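Please read this note with the model open beside you. It takes the chain as a whole before turning to particular residues.

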Amino acid sequence: MRTRIGWIIGIGLALSACGAGRSDQAAAACNVEIAKRVGGRGYTVDLKDLAAHARQESPDTLLLTSTVILDQGLPSQDKQAFECRVRFDASGAASVLFLQFNWNTSDLKQPQQP
């Protein structure tokens, strides 16, 4: 599992270093931050979709929205929306300012009454 996360982080960093567009760099930064936050769970993020949903908030800040699939293919699979705010510094490096999962609670089971 750690190897998988290492590959994901490595790919994200490689993409950000390749001079990709700002949306692609921001998507890679968000992907790295998600890997840190999901606590070793497997996850899938469509980086192209994430980059496509980038909206400029200020000259140096982008807000990206998309969905993440946690534990894909397992009984615990879950799909969640998220928002990620990324700022670019003077050198053009992207850093995540904010990451929020918008948990969908409508499918949670109600507790059984005894």
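The points below cover the fold, the core, the disulfide and the salt bridges.

1. Basis of the note. This is a predicted model, in which local features need pLDDT of at least 70 and side-chain atom pairs count only at pLDDT 80 or more, while totals for chains, interfaces and linings use all residues. Residues are numbered from 1 along each chain as its sequence is written, and side-chain values use heavy atoms, with hydrogens and water left out.

2. Fold. The protein chain has three helices and five strands. Helices (H or I, at least four residues) and strands (E, at least two) are DSSP runs, numbered from the N terminus. Read from the N terminus, the order of elements is α-α-β-α-β-β-β-β. Of the contacts with a separation of 6 or more, 44% are between residues 24 or more positions apart; contact means heavy atoms within 4.5 Å.

3. Surface. The protein chain exposes about 7,300 Å², and carbon and sulfur atoms supply 54% of that area. Accessible areas come from the Shrake-Rupley method with a 1.4 Å probe, and for residues only the protein chains shown count as cover. Buried residues make up 31% of the 114 residues. Here buried means under 20% relative accessible area, exposed over 50%, and partly exposed in between (1.4 Å probe, protein chains only).

4. Nonpolar core. In soluble globular proteins, nonpolar side chains tend to be buried together. A nonpolar core is a set of buried Ala, Val, Leu, Ile, Met, Phe, Trp, Tyr and Cys residues joined through side-chain atoms within 4.5 Å. The largest one here has 20 residues, of which Ile34, Tyr43, Leu64, Val68 and Phe82 touch the most other members. At least two residues of this core come from each of helix 2 (22-37), strand 1 (43-45), helix 3 (47-52), strand 3 (61-70), strand 4 (78-88) and strand 5 (94-102). Helix 2 gives the most, with five residues. Leaving aside neighbours within four places in sequence, isoleucine 34 is in contact with Tyr43, Val45, Val68, Phe82, Leu99 and Phe101.

5. Disulfide. Which two cysteines form a disulfide? They are cysteine 30 and cysteine 84, with sulfur atoms 2.0 Å apart; the definition asks for a pair of cysteine sulfur atoms within 2.5 Å. Cysteine 30 lies in helix 2 and cysteine 84 in strand 4, so the pair ties together parts that are 54 residues apart in sequence. The torsion about the S-S bond is about -100 degrees, so the disulfide is left-handed. Cysteine 30 has a relative accessible area of 0% and is buried, and cysteine 84 is buried at 0% as well.

6. Salt bridges. The count is five, where a salt bridge is a side-chain nitrogen of Lys or Arg within 4 Å of a carboxyl oxygen of Asp or Glu. Glutamate 33 and arginine 37 pair at 3.0 Å, N to O. Being four residues apart in helix 2, glutamate 33 and arginine 37 are separated by about one helical turn. Glutamate 33 is buried at 15% relative accessibility, whereas arginine 37 is partly exposed at 47%.

7. A link between loops. Aspartate 71 and arginine 41 form a salt bridge at 2.8 Å, N to O. Aspartate 71 is in the loop between strand 3 and strand 4 and arginine 41 in the loop between helix 2 and strand 1, 30 residues apart. Aspartate 71 is buried at 11% relative accessibility, and arginine 41 is partly exposed at 31%.
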